[in-house]
Amino acid sequence: EEAIRVSDMAKQMGLKAQEIIKILFSMGMMTTINQSIDQDTATLVATEFGYEVEQVGFLEEGFTQTLEEDKLEDLAPRPPVVTIMGHVDHGKTSLLDAIRETNVTKGEAGGITQHIGAYHVETSRGIITFLDTPGHEAFTAMRARGAQVTDLVILVVAADDGVMEQTKEAVNHAKAANVPIVVAVNKIDKEDANPDRVIRELSEMGLLAEAWGGDTIFANVSAKQRIGLDELLEMVLLQAEVLDLKANPGKRARGHIVEARLDKGRGPVATVLIQEGSLHEGDVFVCGLYQGKVRAMLDDKGQKIKEAGPSYPVEVQGFDGLAESGDEFVVVADEKIARRIASARQTKEREKTLAKASKVTLDSFLASK
Ligand code: GDP
Ligand code: MG
C-alpha cells in the first residue's frame with residue numbers, strides 16, 4: 001500500500017507539519033515529521049482540514065494525481081466554455097437558440113434537444129460549449145462558490161437600446177472573473193439600431209474596439225434574422241485560441257454542476273460540466289454533500305453516451321441526493337472512499353446548521369429581553 005510522509009503531505013496541502021501531527025495525535029496516532037502514514041489516514045486528515053475532494057482524488061492514489069501538474073504531453077486542446085450575458089430582452093435566449101438551430105448537424109436533425117442547462121455546439125469552425133445561464137445570477141452564484149467554469153463571455157447588447165444596467169453588471173462580473181468578453185451587438189436588423197453608440201458606451205467601461213485601438217471584438221448580429229452568427233462564432237473561436245485551452249482527458253473526471261433536478265423516474269440527476277479527465281459509465285464520484293455512481297449519461301441531445309471528456313456537459317444519473325449548481329464533482333477510486341467523504345461532509349454541514357440554529361435562538365432570546 002502507498003504511504004506518504006507527513007512532511008510531504010504538509011507541503012502539498014500548504015500546511016505546517018505540526019498541524020498534521022496534531023490532528024494525527026487527536027486520532028490517537030503519534031507521528032513525527034519524517035514518518036509515513038497510509039492513504040486512508042491521509043484521507044481522513046485531509047477531510048479534517050476541510051480539504052475539498054479535489055485533493056482526495058490524489059490522496060488515495062498516494063498524492064500522484066491532482067497536485068502534480070499534468071505532463072505537457074498529456075494535455076489536449078479542449079473546446080471553450082462560453083456564457084452569454086447581457087441586459088434583459090437584449091436577445092440572449094434568441095441568440096443561443098439561433099446558434100443552436102443553425103448548427104445542427106445532419107445526424108441530429110429532427111432530434112429533440114434536451115434542456116440540460118448547457119449545450120455542445122459543433123460549428124463548421126470548431127466546437128463550443130454554451131452554458132445556458134440566462135442573466136448573470138447563475139454566473140455569479142457559481143463564482144461565489146468558487147466554481148470558475150466559463151472561459152469566455154459573449155456580451156449581448158441590443159443595438160437599439162445600448163448599454164443598460166445589467167450590461168454594466170455583466171461587464172463588471174466578467175472583469176472580476178478575469179474572463180475575456182466578445183461583444184455581440186444584436187438586433188442590427190432594427191431601424192433604430194445604432195451599433196456605434198454601443199461601441200462608444202462600452203468604451204467608457206474600458207472595452208475598446210479594435211477600430212479604437214483596443215482589443216475588444218465586436219460583432220454585429222441579428223439573432224432574429226440570423227445575420228452575422230458565423231462571424232460571431234469565428235470571433236469566439238479565435239479568442240479561445242488565444243487562451244490556448246487545454247486539459248488532460250486521460251485521468252479521472254472533475255467538473256462542476258451546472259444544474260440539478262429531481263426526475264420523476266430517474267431520481268436526482270444533474271448536468272455536470274467536465275473540466276478535466278473523462279467521465280465513464282460506472283465511475284464513482286463525490287459531489288457536494290452527496291456521492292454516487294454514474295448509472296447513465298445523456299448528452300444535450302438526449303443520447304446515451306458512455307464517455308465524456310473535458311468541456312463536455314452531460315446529464316448524469318446515479319446521485320444519492322440532489323446536488324446544487326456550483327457543486328464540485330470529482331470521481332474517486334471506489335465507493336468506500338466516496339461514502340466516507342460524503343458522510344464527513346454531511347456531518348460537518350449538520351454541525352454548521354446546528355451552530356447557526358443555536359445562535360439564532362440565543363440572539364432572539366437576548367433580543368426579547
Ligand atoms: P433575453 O431576455 O436577453 O433572453 O432576450 P430574448 O432572447 O428573450 O429576446 C427579447 C426580445 O427581443 C424577443 O421579443 C425577441 O424576439 C427580440 N429579439 C431578439 N433578438 C432580436 C433581433 O436580432 N432582432 C429583433 N428585431 N428582435 C430580436
Ligand atoms: Mg432569456
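**Exercise 1.** Arg266 and Glu315 meet through their side chains in a salt bridge: state the N to O distance and where each residue sits.

*Solution.* Step 1: the distance is 2.7 Å, where a salt bridge is a side-chain nitrogen of Lys or Arg within 4 Å of a carboxyl oxygen of Asp or Glu. Step 2: Arg266 is in the loop between β11 and β12, while Glu315 belongs to strand β18 (residues 313-319), so distant parts of the chain, 49 residues apart, are linked (helices, H or I, of at least four residues and strands, E, of at least two are DSSP runs, numbered from the N terminus). Step 3: Glu315 has 5% relative accessibility and is buried, whereas Arg266, at 22%, is partly exposed (buried is under 20% relative accessible area, exposed over 50%, partly exposed in between, with a 1.4 Å probe and protein chains only).

The model is predicted: local features need pLDDT of at least 70, side-chain atom pairs count only at pLDDT 80 or more, and totals for chains, interfaces and linings use all residues. Residues are numbered from 1 along each chain as its sequence is written, chains are lettered from A and ligands numbered from 1 in the order in which they are written, and side-chain values use heavy atoms, leaving out hydrogens and water.

**Exercise 2.** Describe the salt bridge between Glu276 and Arg254.

*Solution.* Step 1: the N to O distance between the side chains is 2.6 Å. Step 2: Glu276 is part of strand β12 (residues 267-276) and Arg254 part of strand β11 (residues 254-263), so the pair ties together parts that are 22 residues apart in sequence. Step 3: both Glu276 and Arg254 are buried.

**Exercise 3.** Where do Glu281 and Lys306 lie, and which residues form one salt-bridge network with Arg254?

*Solution.* Step 1: the side chains of Glu281 and Lys306 form a salt bridge of 3.4 Å, N to O. Step 2: Glu281 is in the loop between β13 (279-280) and β14 (284-287), and Lys306 is in the loop between β16 (304-305) and β17 (307-308), 25 residues apart. Step 3: through shared partners, salt bridges join Arg254 with Lys251, Glu276 and Glu328. Step 4: the salt bridge count comes to 19.

**Exercise 4.** Which residues come nearest to ligand 1, and how much of its area does the protein bury?

*Solution.* Step 1: around ligand 1 there are 15 residues (each with a heavy atom within 4 Å), of which Asp89, Lys92, Thr93, Ser94 and Asp189 come nearest. Step 2: helix α5 (residues 92-102) supplies three residues, the largest share of the shell. Step 3: a polar side-chain atom of Asp189 is 2.7 Å from a nitrogen atom of ligand 1. Step 4: a backbone N or O atom of Ala223 is 2.9 Å from an oxygen atom of ligand 1, and one of Lys224 is 3.2 Å from an oxygen atom of ligand 1. Step 5: taken alone, ligand 1 exposes 580 Å² (Shrake-Rupley method, 1.4 Å probe), and the protein buries 74% of that.

**Exercise 5.** What is the phi of Asp89, and what is that of Lys187?

*Solution.* Step 1: Asp89 is not a glycine, yet its phi is positive, about 70 degrees. Step 2: Asp89 lies in the loop between β4 (81-86) and α5, and at 63% relative accessibility counts as exposed. Step 3: Lys187, also not a glycine, has a positive phi of about 65 degrees. Step 4: Lys187 is in the loop between β8 (181-186) and α8 (195-203), and is partly exposed with a relative accessible area of 22%.

Definitions and conventions:
A polar contact is a pair of N or O atoms within 3.5 Å; within protein, one must be able to donate a hydrogen and the other to accept it, and residues adjacent in sequence count only if both atoms are side-chain atoms.
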